[in-house]
Amino acid sequence: SWPKSNHTKMLKEKGFTIIPNFLSQKAFKNVKDEFYNTNDIGYHSPIKDGDTLVDRFTFSPDKWKKLPAVTKLLSHSLLVKTLEGVELKNINIGDVWFDTIHYGNPENFSSSQNDLHSDTFYNTHKVWFFIDPVTQEDGPLCFVPKSNKVSLKRLIFEYKKSIHFQELTDYSFRVNSEDRTFFRFKEKALTCPENTLIIANTRGFHRRGKAKGGNTRKQI
């Protein structure tokens with residue numbers, strides 16, 4: 001008997017759920033302090049993608065468990081129960097990323113993450129916790145509601161991708177102009193205030209929204 005809540009229902013139905021004011025103000029302040037002041041514990045692994053730089057620090061479980069505020073965030077009962085309610089299994093969190101995404105000029109050369117894509121062909125859930133507000137100009141997560149669900153169109157799309165899978169260099173299922181016409185996608189930009197938790201089934205189609213040059217997005 002796995003937990004059922006409005007969040008698990010929304011995840012199953014829409015493919016994402018948004019939880020604002022996730023932490024108390026005191027707990028949120030403590031997480032922010034660790035985000036800004038403990039990067040030396042993590043492994044620095046920046047990613048340059050087009051005109052975007054993701055300044056990333058990777059924390060393995062033995063590292064993030066040394067951070068009390070982040071450990072409380074990752075063991076929060078609402079987070080754990082929501083994930084377990086859709087994954088239908090006990091959750092063990094592995095690596096955690098502290099990301100600051102720096103946007104250049106998208107007119108010059110955009111990031112591959114700006115392309116609509118699905119991570120894989122089965123249900124899998126990714127969690128974002130936002131340190132700062134995310135506006136339309138900060139490159140918000142964009143998601144196609146209900147695109148996590150099985151349909152005849154989706155099976156055709158995945159079958160076509162599987163035929164050429166060995167030829168791919170990028171194993172996410174990227175959407176081309178023909179696919180857009182086929183599906184008639186309608187995206188939703190998940191803008192949000194600080195201290196917001198978003199869980200999304202990245203089997204669904206999603207992308208990073210276009211951002212204003214010089215803006216940043218900070219997230220765990």
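Predicted model: local features only at pLDDT ≥ 70, side-chain atom pairs only at ≥ 80, totals over all residues.
Visitor: Buried or exposed: what does Leu74 count as?
Guide: Residues are numbered from 1 along each chain as its sequence is written, and side-chain values use heavy atoms, with hydrogens and water left out. Leu74 lies in helix α4, helices being DSSP runs of H or I with at least four residues and strands runs of E with at least two, numbered from the N terminus. Its relative accessibility is 11%, and the cut-offs are under 20% for buried, over 50% for exposed and partly exposed in between (1.4 Å probe, protein chains only), so Leu74 counts as buried.

Visitor: Which residues is Leu74 in contact with, leaving aside neighbours within four places in sequence?
Guide: Contact here takes heavy atoms within 4.5 Å. With those neighbours set aside, Leu74 touches Trp64, Leu79, Val80, Ile93 and Val96.

Visitor: How far apart in space are Leu74 and Val127?
Guide: In sequence, 53 residues separate Leu74 and Val127. Going C-alpha to C-alpha, the gap in space is 9.9 Å.

Visitor: What covers the buried residues of α5?
Guide: First, who's buried: in α5 (residues 77–87) they are Leu79, Thr82, Leu83, Glu84, Gly85 and Val86. Their cover includes α4 (68–74), β7 (125–130), β11 (196–201) and α1.

Visitor: How do α1 and α5 lie to each other?
Guide: The axes, lines fitted to C-alpha atoms over the stretch in contact, with angles from 0 to 180 degrees between N-to-C directions, come within 9 Å and cross at roughly 45°. Under 35 degrees would be roughly parallel, over 145 roughly antiparallel and 65 to 115 roughly perpendicular, with the rest oblique. That makes α1, relative to α5, oblique.

Visitor: What is the relative accessible area of Thr8?
Guide: Thr8 sits in helix α1. Leaving aside neighbours within four places in sequence, Thr8 is in contact with Pro3, Lys81, Thr82, Gly85 and Val86. It's buried, and its relative accessible area is 2%.

Visitor: Which element of the protein has the lowest mean pLDDT?
Guide: The protein averages a pLDDT of 91, and 96% of the residues score at least 70. Among the elements, β11 has the highest mean, 98, while the lowest, 74, belongs to residues 177–183, helix α7.

Conventions: pLDDT = per-residue confidence, 0-100.
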